[in-house]
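User: I have a structure here that I have not looked at before. Can you take me through it?

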Amino acid sequence: MTTPISLLIHGASGRMGQSLLGLLHERPSLQLVAATSRQPEALLLHEGEALAPSQLFAAPAFDLMIDFSLPEAFDGALAAALTRKAGFVSGTTGLSDEQRSALESASVHIPVLWSANFSLGVAVLADLVERAARALPGWDLDIVESHHIHKKDAPSGTAILLGEAAQRGGAEPHYASLRAGDIVGEHWLQFAGQGERVELAHRATRREIFARGALAVGEWLARQPAGGYTMRDWVASHSFAGA
Ligand code: NAD
């Protein structure tokens, strides 16, 4: 039996926050002590206290904070995690350079992990892509991503993340983007050599993969010493043995 990890979810009333709360039962070692929301009275919790953001510093003791909120809420969340010497997992996007620096400074004192994509499958795929690129020097690499019609940015942040993994392995990727229907997110990569091709792909069918990944990574991060961690560290520590 592993020691329980007390958890605070910041941004609990949002889409990601609700997904985190809904999947908590899959991680019995995570014990919710508090969840913050701008509408705490609307939170339906099975355990823990519902708090307004202004009550963050009065929250019960916690070992881990998971933050999926907005940039304007991020500074208070990080400060509270630092004060409590708690691990800090954040998926909040649109952070400023100052906020990125603050994360780095905080990592001297607490374990922190920020990622634009908490899918465990994408984290493993990035690792495979880097290794394939290293093993196949001189091969062409195309990254084709498909998303729903409403997605504005292209290539997707995940395609860029996979491209960066390929670049670490020495490849120079080309990107193509498709926007159609209600596709949650698909990434297909083709390494093309002379007379042969290697294809790798990830298909997301449900958005809850991000919350499930954040909970898995949080459980791991809370047991690490202070430092700045990435999804690559999580993959390396698991060596494909499962979360
Ligand atoms: P949302 O708009 O549904 O929820 C935002 C949450 O932040 C709400 O709970 C809201 O109450 C809270 N919040 C907003 N302003 C606040 C403030 N000033 N103080 C305290 N709390 C405040 O958004 P969402 O879809 O849940 O996404 C949240 C964040 O996570 C976004 O930045 C989004 O881009 C990011 N995201 C990341 C991943 C990933 O894998 N990294 C996946 C999905 C979403």
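User: Which side chain does serine 69 join in a polar contact?
Analyst: The side chain of aspartate 67, at 2.6 Å. Keep in mind that this is a predicted model.

User: Where is serine 69 in the chain?
Analyst: Serine 69 sits in the loop between S4 and helix H2, which covers 71-83.

User: Is serine 69 buried or exposed?
Analyst: Buried, because its relative accessible area is 19%, and the cut-off for buried is under 20%.

User: How many residues surround the ligand, and which are closest?
Analyst: There are 20 residues around the ligand, and the closest are Gly14, Arg15, Met16, Thr93 and Ser115.

User: What about threonine 93, how far is its side chain from the ligand?
Analyst: An N or O atom in the side chain of threonine 93 is 2.6 Å from an oxygen atom of the ligand. For serine 13, a polar side-chain atom lies 3.0 Å from a ligand oxygen atom.

User: How much of the ligand does the protein bury?
Analyst: The protein buries 80% of the 860 Å² that the ligand exposes when taken alone.

User: Changing topic. How many helices and strands does the protein chain have?
Analyst: It has 7 helices and 11 strands. Along the principal axes, the C-alpha atoms fill a box of roughly 65 × 40 × 40 Å.

User: What share of the residues is buried?
Analyst: Buried residues are 47% of the 243 in the protein chain. Among contacts with a separation of 6 or more, 67% are between residues 24 or more positions apart.

User: Which residues touch the most other members of the largest nonpolar core?
Analyst: Leu7, Ile9, Leu20, Leu24, Ile66, Leu113 and Phe118, out of 29 residues in that core. Elements that each supply at least two residues of this core include strand S1 (5-10), helix H1 (15-23) and helix H6 (208-221). The largest share, 6 residues, comes from H6.

User: Which residues are in the other core?
Analyst: The second core is separate and has 20 residues, including Met65, Leu78, Leu95 and Ile110.

User: Back to isoleucine 9. What does it touch?
Analyst: Not counting residues up to four places away in sequence, isoleucine 9 touches Leu20, Leu21, Leu24, Leu32, Ala34, Ala35, Thr36 and Ile66.

User: And which residues of H1 are buried?
Analyst: Gly17, Ser19, Leu20, Leu21 and Leu23. The buried residues of H1 pack against S1, S2, S4 and H6.

User: Now serine 119. Where does it lie?
Analyst: Serine 119 lies in the loop between strand S6 (111-114) and helix H4 (120-135). It is buried, with a relative accessible area of 3%.

User: Which side chain does the side chain of serine 119 make a polar contact with?
Analyst: That of histidine 202, at 3.5 Å. Apart from residues up to four places away in sequence, serine 119 touches His202, Ile209, Phe210 and Met231.

User: What about the backbone: which peptide bond is cis?
Analyst: The one from alanine 154 to proline 155 is cis, with omega near -5°. Proline 155 is in the loop between strand S7 (140-147) and helix H5 (157-168).

User: What is phi of lysine 85?
Analyst: It is near 55°, a positive value in a residue other than glycine. Lysine 85 is in the loop between H2 and strand S5 (87-90).

User: Is lysine 85 buried or exposed?
Analyst: Lysine 85 counts as exposed, because its relative accessibility is 58% and the cut-off for exposed is over 50%.

User: Last one. Where does tryptophan 234 lie?
Analyst: Tryptophan 234 is in helix H7. It is buried, with a relative accessible area of 5%.

How values were computed. Residues numbered from 1 in each chain as written. Predicted model: local features only at pLDDT ≥ 70, side-chain atom pairs only at ≥ 80, totals over all residues. Heavy atoms only, no water. Core = buried A, V, L, I, M, F, W, Y, C linked by side-chain atoms within 4.5 Å. Buried < 20%, exposed > 50% of the residue type's maximum accessible area, 1.4 Å probe, protein only. Helix = DSSP H or I, 4+ residues; strand = E, 2+ residues; numbered from the N terminus. Contact = heavy atoms within 4.5 Å. Polar contact = N/O pair within 3.5 Å; in protein donor to acceptor, adjacent residues only side chain to side chain. Near = heavy atom within 4 Å. Areas by Shrake-Rupley, 256 points an atom, 1.4 Å probe, with all protein chains shown as cover.
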